Amino acid sequence: GVVGSAGSPQSIKGRIALRLAGLCGVEADQIRLSFDRSNSLAFLDVEPDPACQVLIMPGASAGSARIPVRVEISRPGAPVDIRVFSVSVEIQRTVTVATAAIDRGSLISEDMLTSEQRWVAMGGEATLAPERVLGANAKRKIDVGRPITGGDIQPPVVVQRGDLVRVQVTSGGITINTQARALNQARDGE
């Protein structure tokens, strides 16, 4: 497929890039497209006559990095030219990356993380900001250089089974405070 530069902003490829960048909330240089070889690749570099009306209509992607894009070109006195392209989309984002291997269950500290600019697939699992990762536990082993996503972490365990905990129950206007032993471990927020 065709990857990278959107070419001229007036070309079909450039117009698709601008439309998708706008939908993703990024600048045109922060989006990278790849088109299926089965598409009319020469058509993508065409710069339509200024008298033409060009409509770029991305389809639903349902969490996929590959989306259908419908292109309609209307020329005065000519039938509408309609083409559908299958486009893979990557977006340049700042991601939180592991600087060291993080074992399953480990508490994640600042020295294990860095932020980098990376190309990530549109529709892929969102990476997290460092403040969301710090102090969390790794759900699974996280390799060096791997961007960290919500599926990689969980809140830290703050109560162990058998710990003495304070329990507060409120019903109506009555509040009861007491201490009890935790029957199970609990994570922050549980």
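Student: Which element gives the most to the lining of the largest pocket?

Tutor: Rolling a probe the size of a water molecule over the atoms shows where empty space is left. On a 1 Å grid over the protein atoms alone, a pocket is an open set of points where a 1.4 Å probe fits, with protein on both sides within 12 Å along at least five of seven lines; lining residues have an atom within 4 Å of a point. Here strand E5 (81-98) gives the most, with 4 residues; strands are DSSP runs of E, at least two residues, numbered from the N terminus. The lining includes Ile91, Arg93, Thr94 and Val95.

Tutor: This is a predicted model: local features need pLDDT of at least 70, side-chain atom pairs count only at pLDDT 80 or more, and totals for chains, interfaces and linings use all residues. Residues are numbered from 1 along each chain as its sequence is written, and side-chain values use heavy atoms, without hydrogens or water.

Student: Is Asp152 buried or exposed?

Tutor: Buried means under 20% relative accessible area, exposed over 50%, partly exposed in between (1.4 Å probe, protein chains only). Asp152 is buried, at 0%. Its side chain makes a polar contact with that of Arg146 (2.6 Å); such a contact is a pair of N or O atoms within 3.5 Å, where one must be able to donate a hydrogen and the other to accept it, and residues adjacent in sequence count only if both atoms are side-chain atoms.
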